[in-house]
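Here is a short briefing to read alongside your model. Please keep the sequence and the 3D view open as you go.

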Amino acid sequence: MEDMDAIYRRHAHTVYKFLLAQCRDPDLAEELTQETFYQAVRSIGRFDGSCKLSVWLCQIAKHLWYQQLRKRQKAPVPLDHVPEVPVPSAEDGLLEQEGRLALLRQIHRLPELQREVVYLRAFGGLSFREIGDVLDRTEAWARVTFYRSKEKLRNGGAEDEK
């Protein structure tokens, strides 16, 4: 087993991009990446090699992200700390915002694996190979899934697969 410093150098960027695709917050993604490697150091003895190391690390990252979401749901937001939502001042801004929201709604209606592939590719900037590694699939599967998801979105929606 290689030392943790080498593991970090090799896999930190992939874990960061995975988390960034999930939370869309660079600071939080960086914090969760650090926590991922901390947890990996603590539990390296339980890594049995049944999957790729990058997949194992992204599984830890995913669990940490889910923990973060649960914490957020439990914590009430004080009214004096509610962030102000910027209001577009021009009609173009409003139309662009509505278009983005409509697209995000369509993506949200995709089946879970297709949705994850789209998020990882479009928002996380992961390569198809990295997406395949993260989801424990092949690069070709990631390419095909992304293409089919794009076609589904282009054709006006994300109706359920039959």
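Over the face of which residue does Arg137 lie? Arg137 sits over the face of Trp141, at 4.7 Å from the ring centre. This is a predicted model, where local features need pLDDT of at least 70, side-chain atom pairs count only at pLDDT 80 or more, and totals for chains, interfaces and linings use all residues. Residues are numbered from 1 along each chain as its sequence is written, and side-chain values use heavy atoms, with hydrogens and water left out.

**Charges over rings**
- Arg121 lies over the face of Phe128, at 4.0 Å from the ring centre.
- A charge sits over a ring if NZ of Lys or CZ of Arg is within 6 Å of the ring centre and within 35 degrees of the ring normal.

**Aromatic pairs**
- The structure holds three aromatic pairs (ring centres of Phe, Tyr or Trp, the last by its six-membered ring, within 6.5 Å; planes under 30 degrees apart are stacked, over 60 edge-to-face, the rest tilted).
- Among them, Tyr8 and Phe37 have ring centres 4.8 Å apart and planes at 75°, so the pair is edge-to-face.
- Tyr8 belongs to helix 1 (residues 4-23) and Phe37 to helix 2 (residues 26-43), so the pair ties together parts that are 29 residues apart in sequence.
- Helices here are DSSP runs (H or I, at least four residues), numbered from the N terminus.

**Burial of the pair**
- Phe37 counts as buried because its relative accessibility is 6%, whereas Tyr8, at 29%, counts as partly exposed.
- Buried means under 20% relative accessible area, exposed over 50%, and partly exposed in between (1.4 Å probe, protein chains only).

How values were computed:
Helices (H or I, at least four residues) and strands (E, at least two) are DSSP runs, numbered from the N terminus.
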